[in-house]
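Visitor: Hi! Could you walk me through this structure? I'd like to start with pockets and then move on to charges.

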Amino acid sequence: EIMDHAHSLGMYTDLHSCGFIEPLIPDVIEAGLDSWGGQPLNDKAKLKEMYGDKMIFTAHIHAAQDATEEEMDAIVENFITGIGADNRVLAEVMGPARLREKVYIASRKNYDRLLDEGKVIM
């Protein structure tokens with residue numbers, strides 16, 4: 001009832017749950033939650049492949065504060081060609097402020113590409 005009420009108000013629901021809860025994701029989806037921001041110890045890429053049409057997952061994009069431009073570029077490329085390929089993710093970016101900027105720019109370019117290809121999913 002809570003999820004239905006939130007949805008009736010035009011709201012999305014997000015579950016923050018620490019720990020390993022991969023086996024519970026079908027129940028989380030059945031409960032009506034729209035997204036899940038679990039810890040990186042859960043295999044988000046696998047879960048997104050299995051349930052990506054039913055839920056939005058949080059991608060963890062992390063770099064050391066002293067990461068080089070090349071290291072950050074590699075992290076962003078891995079995100080854009082991996083779990084972030086369809087732009088249906090929430091991004092948790094931790095590291096240098098420059099990494100946040102790089103993720104933003106890459107995801108905007110990716111969105112424009114998806115839009116041009118008619119693959120944007122709302």
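Guide: Happy to. The second largest pocket has a volume of about 230 Å³. Keep in mind that this is a predicted model.

Visitor: Which residues sit closest to the centre of that second largest pocket?

Guide: Ala59, His60, Asn78, Phe79 and Ile83 are the closest to its centre, out of 13 residues that line the second largest pocket.

Visitor: And which element gives the largest share of that lining?

Guide: That would be β3, with 4 residues. At least two residues each come from α3, β3 (56-62) and α4.

Visitor: How does the lining of the second largest pocket divide into nonpolar, polar and charged?

Guide: There are 7 nonpolar residues, 5 polar ones and 1 charged.

Visitor: OK, now the largest pocket. What volume does it have?

Guide: About 540 Å³. The largest pocket has 25 lining residues, and those nearest its centre are Ile56, Asn87, Arg88, Val89 and Leu90.

Visitor: Which element gives the most to that lining?

Guide: Helix α5 does, with 6 residues in the lining of the largest pocket. Both β4 and α5 supply at least two residues each.

Visitor: What about the classes there? How many are charged?

Guide: The lining of the largest pocket has 7 charged residues, alongside 14 nonpolar and 4 polar.

Visitor: Good, let's switch to charges. How many salt bridges does the structure hold?

Guide: It holds 9 salt bridges. One of them pairs Asp86 with Lys48, where the closest N and O atoms are 2.5 Å apart.

Visitor: Which parts does that pair tie together?

Guide: Asp86 is in the loop between α4 (69-81) and β4 (89-94), while Lys48 is in helix α3 (residues 44-51), so the bridge links parts 38 residues apart in sequence.

Visitor: Is Lys48 buried or exposed?

Guide: Lys48 counts as buried, at 12% relative accessibility, because the cut-off for buried is under 20%.

Visitor: What else is Lys48 in contact with?

Guide: Setting aside neighbours within four places in sequence, Lys48 is in contact with Phe57, Ile83, Asp86, Arg88 and Val89. The side chains of Lys48 and Asp86 are also joined by a polar contact of 2.5 Å.

Visitor: Nice. Which residues are linked in a network of salt bridges?

Guide: Glu69, Asp73, Arg98, Glu101 and Lys102 are linked that way. Within that group, Arg98 bridges to Glu69 with the closest N and O atoms 3.5 Å apart. Arg98 belongs to helix α5 (residues 97-116) and Glu69 to helix α4, so that pair ties together parts 29 residues apart in sequence.

Visitor: And what about Asp73 and Lys102, how far apart are N and O there?

Guide: The N to O distance in the Asp73 and Lys102 salt bridge is 2.5 Å. Asp73 lies in helix α4 and Lys102 in helix α5, so this pair too connects parts 29 residues apart in sequence.

Visitor: Are those two buried or exposed?

Guide: Lys102 counts as buried at 12% relative accessibility, and Asp73 counts as partly exposed at 39%. For the Arg98 pair, Arg98 is partly exposed with a relative accessible area of 35%, and Glu69 is partly exposed at 34%.

Visitor: Last topic: where is the place of Val120?

Guide: Val120 is in the segment after α5. Val120 is partly exposed, with a relative accessible area of 25%.

Visitor: What is Val120 in contact with?

Guide: Leaving out neighbours within four places in sequence, Val120 is in contact with Tyr111, Leu114 and Leu115.

Definitions and conventions:
Residues numbered from 1 in each chain as written. Predicted model: local features only at pLDDT ≥ 70, side-chain atom pairs only at ≥ 80, totals over all residues. Heavy atoms only, no water. Salt bridge = Lys/Arg side-chain N within 4 Å of Asp/Glu carboxyl O. Buried < 20%, exposed > 50% of the residue type's maximum accessible area, 1.4 Å probe, protein only. Contact = heavy atoms within 4.5 Å. Polar contact = N/O pair within 3.5 Å; in protein donor to acceptor, adjacent residues only side chain to side chain. 1 Å grid on protein atoms, 1.4 Å probe; cavity = no way out; pocket = protein on both sides within 12 Å on 5 of 7 lines; lining within 4 Å. Points joined across faces, edges and corners; volume = space filled by probe spheres on them. Nonpolar A, V, L, I, M, F, W, Y, C, P; charged D, E, K, R; others polar.
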